Every structure is written in structure tokens, then in C-alpha cells.
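The tour below goes from selection to selection.

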Amino acid sequence: MHPFTPLRRAWVPIAATVGILAQQGDRAARWVADLSTLLRLATLVGVVLMFGVYGFLSWWFTHYAVTDTELRIRTGLLFRRTAHIRLDRLQAVDVTRPLLARLTGVASLRLDVIGTEEKDQLSFLGEQEAVALRAELLARAAGFAPEEAVRLGEAPQRELLRVTPRELAVSLALSLGVWAALAGGIIAPFFVWWISSSPWAAVVTLLPMLGGVWAATVGRFLTEYDWRVAESPDGLRLDHGMLDRAHETVPPGRVQTVRIVEPLLWRRSDRVRVELAVAGSKNEVLVPVASRAAAYAVIARVLPGVDLAGLSFSGSPDTGSRWVVPVWWKGYALALSPEVFAARHGRLCRRTEIVPHAKVQSVRFSQGPWARARGVADVHVDTGANGTVTARLRAASEAARLLHDQAARSHTSRASARPDRWMTQTDLQA
């Protein structure tokens, strides 16, 4: 690994030590005050040396190797761990560049493997080495011979969409969730202070609220800054981030669900947000904000042949739905096409979830006693990303028919679906 790695890994025990000292508070302060100046200096030097040795040893005993069939990552001094990652199970390799890593010219590789929840990492490699290794792994995963994989190098790409900082800032300012987080962060501490008469209770309440406000506002802006979507033979490439720059890959064949989010204040300008559910991956955002036409053009690369503009949604029947879910029942709707199952819900923030028939793993019919009395039912479709899309408050007879029809459509679509492998010889020649 890159020689910078020991410095980066030394922050783990440093953060743990700072957390312990902060937790002890006054006791730690008294212990330090009782030490002489010489002992304080010796303790500081010893701690720095201990952290430095930890970082050095963790780097020295970390190795990786690429064989004909797998990537092997070996780590550990006392307890050895070797990860065997089959190349034919790789679905994405992401390049991340945290701020400190960007300043020192290194990058980290995150490996998305089918069937695993956690991503293995190679931290850190030189930027050029990381990009070259990523290209080789993706080519090997697509079935190319080792010699060809090295020769191919980084696959070409074509930019599809770019979100400017101004567009992102305006979208955040028009998000009700952002204003709700700000209001909660301001009101909650004062309310706790008022009922408890304790400023410390208010501070304890304020800290997690500040974390939520940061994540919903500045943190989201920093993460989604300069968002770019490009198309390449290995999938859709996402580049984003102001401080920590991330380079992620979305293999279209592994996308299970596409979610179109339309906040209330965005609809006037016809802006939407596009999110994904990808099997075995935590990549969730495809487009943070864009016009509907631009977003649909990007979705067309993920769901080829699907005409989103042509989907015709039918609402829930008012005779029974209004008694099961008062007021909000008007937000539920369903659309079916030869390619997808699409369900809509929400009135203030409208969400449309779209599932290709080939990605449906199971179909379920559910009906509580009150819904049964009103003649409505729900139909759930489960996907390979451990997710569920629900068509709520359908007429009971329609739901029963939909249950059997959807099972048949899914079976037929899976038989004719394209394989999940994304970077084939045909794609590259095209």
C-alpha cells in the first residue's frame, strides 16, 4: 500500500483516545494536572510513538494480490485475515478521495461484491495506481483475460448530466425537510431548557440535533457538490463531492428499484430527485436534482425501453380508501406497463417507485380487518435489494387479480431479461 497509509490509519486510535478522555472529563483533567511537566511530555511522546507504531504495523502487514480468478487482501498482525474476492462477483469498484488523501495524492478503492453487505477496501494507493487497478478489476470481472484487462485501461465515458452548485443550493433551499431540520435544531434545545431549567440538558439535546441539521444542509451540499453522471461500458459513473471526492459506479443490470422524489416546492419548476436501490450496494442517489426531462434521460440508461412519460397512474378508489387512510389516500396510485410495476405515494413529498418486472422476487397480498371491511387491499412486490414496493389501497378484486398477473409477468420477464454483466465485448465494440 502507499506509504501515506500509516499516517491515515493512526487517526483510528487517536480518535478513540480523544473519545475516552472526553468521556472521563474532570477525572482526566485532574490526572493530567497531577503529573509533572516531564511526565506529561514523556506521556505525550509515548502516545505519539504508540500510534505511529500502530499505523506502521497495520500498513506493513497489509498486502493485496490479483490472481486469475480473485482479488486477495491480507491484513492483521496478531489475527490474520485474508479476503478472497471473486472477480466474477464484482459489480462495482469505487474510487474515493477524502480531503487529506487528495492533498497527498492518494485514493481508496471500495469493492462492491454481489451477496455481501460490507464493502472491502484498499486504502490507500497512489491515484494513478488506484485508477489503473480499478480499470483492470472491472475488465477482469467482465471476463477479459489478464493480458487484455491490463491493455484496455480505463474505459471511455460520455457525460450525461451535471448538477451545478447553484442548482443544488436552490434545491436545498426549497426542501421542506431542510427547513424542518433547521426548525427542530433551534426549537428543541430551547424547549428542553424551558421544561428542565438545565442548560446542560439543552446542550445534550443540541448536539445530536446539530448533527441532523448538518447532515440535511451543509453535509448534503458538500457530498452532492458538482454531481456528474457519465455513461461508460462498465456502467453509470457518478463523480461528486467538494471535500471528499467520490467516484462511484452503478451497474445498470443490478438496479432493482428506481425512486423519483418530487418535493412540494420543486414541482412548480418540474424538478425531481432520482434514487436507486442496487442489489448488494449502498449507492442510493443517481441524480440529486434535475429537470424531469434530464432525469428521465438518465433513467432511460438504467431502464432501457421504459417510457416513464407514458405511464398512466390510476388512483385508489375513493369509496373505501378515504376511510382507511383519511386525507392522504389521494396520494396513492398505481401504473403498469409491459416493462415495469410503478407505485406512487405521498402528497407533500411525492415518491414514485419503479420496479422492472424481471427484478420482482415475490408478490404478496395483504388486507387488515378494517381494509377488508372497506373492500380495499395492498399488493407488495419484493425485490433483490431487500426492498419492497407497495401498491396501497387497491380495490380487493383488482388486488387479487394483480397478485396473479404480476407473478406471471415477473416469471416471463426474468426468462427474457439481459444478464447482469455489464461490460461485454459487444458493448465495447458498440
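Helices (H or I, at least four residues) and strands (E, at least two) are DSSP runs, numbered from the N terminus. The model is predicted: local features need pLDDT of at least 70, side-chain atom pairs count only at pLDDT 80 or more, and totals for chains, interfaces and linings use all residues. Residues are numbered from 1 along each chain as its sequence is written, and side-chain values use heavy atoms, with hydrogens and water left out.

**Whole chain**

Start with everything selected. The protein has 16 helices and 20 strands. Of its 430 residues, 41% count as buried, meaning under 20% relative accessible area, while exposed is over 50% and partly exposed lies in between (1.4 Å probe, protein chains only).

**Annotated spans**

Next select residues 38-62, 168-194 and 200-222, which an unreviewed UniProt entry lists under "transmembrane region". UniProt positions follow the numbering used here, feature names are shortened, and annotations may be inferred rather than shown by experiment. Residues 200-222 are 96% helix and 0% strand, with the end C-alpha atoms 30 Å apart. For residues 168-194 the figures are 93% helix, 0% strand and 37 Å between the end C-alpha atoms.

**An aromatic pair**

Stay in that part of the chain and select helix α9 (residues 176-196), where F191 and W194 lie three residues apart, about one turn of the helix. The structure holds two aromatic pairs. In the pair of F191 and W194, the ring centres are 6.2 Å apart and the planes are at 45°, so the pair is tilted. Rings of Phe, Tyr and Trp (its six-membered ring) pair if their centres lie within 6.5 Å; planes under 30 degrees apart count as stacked, over 60 as edge-to-face and the rest as tilted. F191 counts as partly exposed because its relative accessibility is 46%, and W194 counts as exposed because its value is 66%.

**A three-stranded sheet**

Now select an open sheet of three strands, in the order β1-β2-β3 with antiparallel pairing. Its edge strands, each pairing on one side only, are β1 (63-66) and β3 (81-86). Two strands pair if DSSP finds at least two bridges between them. Strand β2 (residues 70-75) and β3 are joined by six bridges in the antiparallel sense. Pick R74 and look across to β3: its bridge partner there is T82.
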